[in-house]
Amino acid sequence: MKFSQSFIPTTKETPAEATLPSHQFLIQAGFINQEGAGLYNFMPLGKRVLDKIRAIVKEELDRAGCLEVQLGFITPLELWEESGRASKMGLEMLRIKDRKQNNYVLSPTNEEAMVKLVKNRITSYKDLPINLYQIHTKFRDEARPRFGLLRGREFLMKDGYSFHDSTEDMQREFALMEATYRTIFTRLGLEFRVVDADSGAIGGSGSKEFHVLAKSGEDTIVVCDGCDYAANIEAALRGIKQYNKQALEKSKVETPNLTTIEEVSKFLNIEAHQTIKAVIKKAIYETQTQIVIFFVRGNDELEETKACNAINALELVDATHEEIEAVGLKAGYVGIEGLPHGTLYKIDKELYCETNMVCGANEVNYHLMGIDTPNDETLYADLIAVQEGDGCSCCGGTLSHTKGIEVGHIFQLGTKYSSAMKAEFLDANGKSKPFVMGTYGIGVSRLVAAIIEQHHDEKGCIWSKESAPYDVHIIISNAKKDQELEAGERIYEALKEVGIQTLLDDRAKERFGFKMNDFELIGIPYAIVVGKKLEQGVVEIIERKSLTSIEVSLERAVSTMQEKLG
RNA sequence: CGGAGUGUAGCGCAGUUUGGUAGCGUACCUGCUUUGGGAGCAGGGGGUCGAAGGUUCGAAUCCUUUCACUCCGACCA
């Protein structure tokens with residue numbers, strides 16, 4: 001493509017609203033532009049990158065035996081009522097009405113639609129397994145879109161769904177998809193981790209996320225320095241911790257106006273790990289709300305996703321003072337013993353049958369010392385956030401936190417949707433069974449930004465070979481000189497001839513420095529500069545990543561590029 | 001959804017306190033010069049000042065309402 005005939009509006013100034021490198025550079029270099037909150041247009045360069053990523057995803061999925069389809073973007077609301085997700089998805093699902101006042105939604109994901117597609121069309125175990133996917137627009141009405149393409153409302157996602165006659169076969173496919181995803185992200189040149197994850201609103205049992213490691217990541221990832229254990233903080237586990245405790249006589253002590261763990265432990269001269277902290281939340285269920293207490297060790301923090309899962313709530317929100325008092329709780333003095341009758345509570349599993357602890361007395365200005373926790377497993381659940389420096393539950397190594405951008409998520413769904421929607425097949429014994437399902441997602445447009453978050457410098461984008469909009473960027477130093485222009489065009493034609501995708505900067509009105517800056521901003525892997533050395537029959541080849549250059553003869557330009565691009 | 005802020009030329013901004021002819025930089029167009037790190041000079045085009053209502057002889061500026069966008073937080077498969 002000739003620059004002079006393309007549409008690549010680069011700008012000198014960084015957009016004020018963009019805070020992240022990916023957001024700034026993608027706008028500045030003319031890849032995308034913003035149309036509204038969380039809504040982006042892809043201009044020619046951006047579209048090319050998107051298509052390259054899409055092509056790699058498709059190639060690897062097809063190789064793994066998946067079948068591409070395309071579902072309607074707008075789906076009837078009834079479809080979501082059938083599975084019970086109409087209420088569970090909440091406001092993220094954008095609802096619209098047609099002229100007849102019928103209700104529709106802009107699809108945020110497609111489990112229901114895909115189950116419906118297969119239902120009554122695949123009816124025998126002989127036709128299983130099957131894995132269907134699409135790469136299509138999704139819409140989620142995010143409460144607060146931000147970070148450019150990383151958290152937009154409209155985005156391009158690959159979503160795949162597999163159907164099986166047994167859990168074992170679904171797990172085989174799950175492992176195949178993990179391997180396929182690893183190949184895809186490796187081809188894109190990304191440094192990533194596969195982590196254990198929470199399944200969230202999709203549901204199901206086993207779930208793994210693929211995270212591109214980058215400072216700007218929204219998720220906290222727990223990694224081990226001794227083995228390859230990695231998990232999202234929402235699902236991370238740790239090894240058992242040992243604590244020294246002092247002997248305490250069971251007693252009630254006055255603790256006037258001391259409501260925090262820090263104050264109480266200092267006042268009683270007891271380490272925070274010998275105290276029990278009560279975190280009070282309001283749990284929201286589909287038809288009601290309830291105040292709930294989570295007890296964790298004084299030096300631990302509550303992990304809200306774990307807590308939410310422990311009581312099967314839709315979500316947890318902070319409880320107000322009035323709400324806490326209304327159910328008879330004394331904020332700052334809540335303890336396990338003597339709770340008002342009927343109070344819902346959970347205790348962290350690390351406190352199971354713990355002895356000699358300190359916690360609130362459920363009475364203002366009093367705490368209890370020498371408390372033992374109850375011997376009833378149903379009261380316990382994993383509730384705490386793994387901290388940096390904790391031990392690994394697999395190998396005993398040290399755990400630390402890092403930030404990741406979630407670019408893929410694979411789920412072992414089971415029969416959650418097939419049962420709800422009565423999507424069944426006949427097995428070898430002629431018995432009717434619901435499909436066992438897996439579901440697999442990749443954020444395709446998010447990857448465009450994730451690649452730049454991981455690969456940029458202060459001057460602009462640095463695309464990896466397989467994601468770059470073009471392979472080579474020819475810069476004609478002064479396109480008003482016929483000699484330079486002709487030499488540039490000859491190299492351009494020769495590169496095209498051997499299948500190398502090339503952008504030829506033939507703009508006559510721009511000077512050398514301007515074009516160099518555009519090259520560095522756009523971030524194509526290599527530039528060929530046709531300029532002052534041309535009279536000696538020499539051009540420069542610059543590698544974008546290192547910004548180092550070598551000189552080669554005009555004749556060797558094409559073959560050198562072929563070697564470098566492999 | 002809570003808190004804060006911003007809407008003025010394609011983009012980045014000043015002007016609003018104290019009402020009085022719509023500004024600057026950049027980009028764009030024309031011409032001349034320049035030509036390896038975002039060129040110089042000269043000339044030029046481009047605006048319902050986010051929208052609606054109000055006060056006033058007169059509103060970008062004051063008042064009311066509303067919409068949009070951004071940031072912090074909550075939330076986020």
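**Helix α13**

I began at helix α13, which spans residues 512-522. I wanted to know which of its residues are buried. My list reads K515, M516, D518, F519, E520, L521 and I522. Then I checked what follows α13: it is G523, with a positive phi near 85°. A reminder to myself: this is a predicted model, and every value here is computed from it.

**Helix α5**

Next I looked up helix α5, residues 111-118. Is it mostly covered or mostly open? Mostly covered, I noted, since 6 of its 8 residues are buried. I wrote them down as E111, E112, A113, M114, V115 and V118. After α5 comes N120, and its phi is positive too, near 70°.

**Chain A as a whole**

I stepped back to get my bearings. Chain A has 14 helices and 31 strands. Of its 566 residues, 54% count as buried. I also noted the box that the C-alpha atoms fill, roughly 95 × 65 × 50 Å along the principal axes.

**An open sheet**

I picked out an open sheet of 5 strands and traced the order as β16-β14-β15-β17-β20, with mixed pairing. Which strands stand at the edges? They are β16 (315-318) and β20 (380-381). Each has a single partner strand, so one side of each is left without a neighbour in the sheet.

Inside that order I followed β14 (residues 276-284) and β15 (residues 289-297). The two run antiparallel, and 9 bridges join them. I looked up one bridge by name: K277 has V296 in β15 as its partner.

**Second largest pocket**

K277 turned up again when I moved on to the second largest pocket, as it is among the residues closest to the centre. The pocket holds about 350 Å³ of space. Its lining has 20 residues, and alongside K277 the closest to the centre are T259, A278, V279 and G332.

Where does the lining come from? I found four elements that each supply at least two residues: α7 (261-268), β14, α9 (321-326) and β18 (357-360). Strand β14 gives the most, with 5 residues. I sorted the lining by type and got 12 nonpolar, 7 polar and 1 charged.

**The largest cavity**

I found 1 cavity of 30 Å³ or more, with a volume of about 60 Å³. Which residues line the largest cavity? I noted L150, R151, G217, E218, D219, G404, I405, E406 and R446. Strand β21 (residues 399-414) gives the most, with 3 residues. By type, this lining divides into 2 nonpolar, 2 polar and 5 charged.

**Aromatic pairs**

I went through the rings next and counted 9 aromatic pairs. How are the rings of Y181 and F185 arranged? Their centres are 6.1 Å apart and their planes stand at 85°, so I logged the pair as edge-to-face. Both residues lie in helix α6 (residues 167-187), 4 residues apart, about one turn of the helix. That spacing made me recall a general point: an α-helix has 3.6 residues a turn, so residues three or four places apart point the same way.

The next pair I opened was F295 and Y345. Here the ring centres are 5.9 Å apart and the planes are at 80°, so this pair is edge-to-face as well. It links distant parts of the chain: F295 is in strand β15 and Y345 in strand β17 (residues 344-348), 50 residues apart. I checked the cover on both, and F295 and Y345 are each buried.

Back at Y181 and F185, I saw that they belong to one aromatic cluster together with F192 and F210.

**Charges over rings**

Last, I looked for charged ends placed over rings. What sits over the ring of Y470? I found the charged end of R48 there, 3.9 Å from the ring centre. I also logged K252, which lies over the face of Y366 at 5.0 Å from the ring centre.

Definitions and conventions:
Residues are numbered from 1 along each chain as its sequence is written. Chains are lettered from A and ligands numbered from 1 in the order in which they are written. This is a predicted model: local features need pLDDT of at least 70, side-chain atom pairs count only at pLDDT 80 or more; totals for chains, interfaces and linings use all residues. Side-chain values use heavy atoms; hydrogens and water are left out. Two strands pair if DSSP finds at least two bridges between them. Buried means under 20% relative accessible area, exposed over 50%, partly exposed in between (1.4 Å probe, protein chains only). On a 1 Å grid over the protein atoms alone, a cavity is a set of points where a 1.4 Å probe fits but cannot get out, and a pocket is an open set with protein on both sides within 12 Å along at least five of seven lines; lining residues have an atom within 4 Å of a point. Grid points are joined across faces, edges and corners, and a volume is the space filled by probe spheres set on the points. Ala, Val, Leu, Ile, Met, Phe, Trp, Tyr, Cys and Pro count as nonpolar, Asp, Glu, Lys and Arg as charged, and the others, Gly among them, as polar. Rings of Phe, Tyr and Trp (its six-membered ring) pair if their centres lie within 6.5 Å; planes under 30 degrees apart count as stacked, over 60 as edge-to-face and the rest as tilted. A charge sits over a ring if NZ of Lys or CZ of Arg is within 6 Å of the ring centre and within 35 degrees of the ring normal.
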